[in-house]
Amino acid sequence: MTIRILGIDPGLRVTGFGVIDKEGQQLHYVASGCIKTPDGELPERLKVILSGLGEVIAQYQPQQVAIEKVFVNVNPQSTLLLGQARGAAICAAVQANLPVAEYTALQVKQAVVGNGHASKEQVQAMVVRLLKLSGTPSPDAADALAGAICYAHSGMGLGALATKGFRVKNGRLI
């Protein structure tokens, strides 16, 4: 049985997306890219994210969506804007009646690299290795693919981790 997973790395300027297929224990790259928003008013930028992800969903027909949770930034305004971009991304998924799984950046890095504090370059390198890519995706696309990989490894089927009621400390569930 093949499951198609869409990973989303939300951002107000650049939202990364990555689509993979999970067939048994094998992962297969399908597509990835970025939705870039123009400078301008917030509502128009959110519309670009919503419609862009709507097009990705219509084209690739994922069955599951994995999205990164917002972390609290030093700048509260940046955190609020990121949260709104994330909201637009979630709306695109739920509009298509897709289930959405949420993961922290720490959980994604732990699942893909084995270290919750891995650098963007390490995430990119492991995404290339795990999906047997011939080139390196952009950091935003790699983060989205990493989210999809995290879901494929921990969010479904045999070996799924029951994480409800647990929290992450130093990259480990406690």
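1. Strands β1 and β2 (residues 14–23) pair in the antiparallel sense, with eight bridges between them. A hairpin of four residues links β1 to β2. Within this pairing, Asp9 sits opposite Gly16 in β2. Note that the model is predicted.

2. β1 also pairs with strand β4 (residues 64–68). Here the strands run parallel, and four bridges join them. Gly7 has Ala66 in β4 as its bridge partner.

3. Is β1 enclosed or open? Strand β1 covers residues 2–9, and six of its eight residues are buried, so the rest of the structure largely encloses it.

4. Now the helices. The axes of α3 (residues 105–112) and α5 (residues 139–154) come within 9 Å. They cross at roughly 70°. Angles of 65 to 115 degrees count as roughly perpendicular, and α3 and α5 are therefore roughly perpendicular to each other.

5. Which residues make the contact between α3 and α5? From α3 come Gln107, Val108, Ala111 and Val112. They meet Ala146, Gly147, Ile149, Cys150 and His153 in α5. By class, six of the contact residues are nonpolar and three are polar. None is charged.

6. On the overall layout: the protein has five helices and seven strands. From the N terminus, the order is β-β-β-α-β-α-β-α-α-α-β-β. Of the contacts between residues at least 6 apart in sequence, 56% join residues at least 24 apart.

7. Burial and surface: of the 174 residues, 43% are buried.

Terms used
Residues are numbered from 1 along each chain as its sequence is written. This is a predicted model: local features need pLDDT of at least 70, side-chain atom pairs count only at pLDDT 80 or more; totals for chains, interfaces and linings use all residues. Side-chain values use heavy atoms; hydrogens and water are left out. Helices (H or I, at least four residues) and strands (E, at least two) are DSSP runs, numbered from the N terminus. Buried means under 20% relative accessible area, exposed over 50%, partly exposed in between (1.4 Å probe, protein chains only). Contact means heavy atoms within 4.5 Å. Axes are lines fitted to C-alpha atoms, for helices over the stretch in contact, and angles run from 0 to 180 degrees between N-to-C directions. Angles under 35 degrees count as roughly parallel, over 145 as roughly antiparallel, 65 to 115 as roughly perpendicular and the rest as oblique. Ala, Val, Leu, Ile, Met, Phe, Trp, Tyr, Cys and Pro count as nonpolar, Asp, Glu, Lys and Arg as charged, and the others, Gly among them, as polar. Two strands pair if DSSP finds at least two bridges between them.
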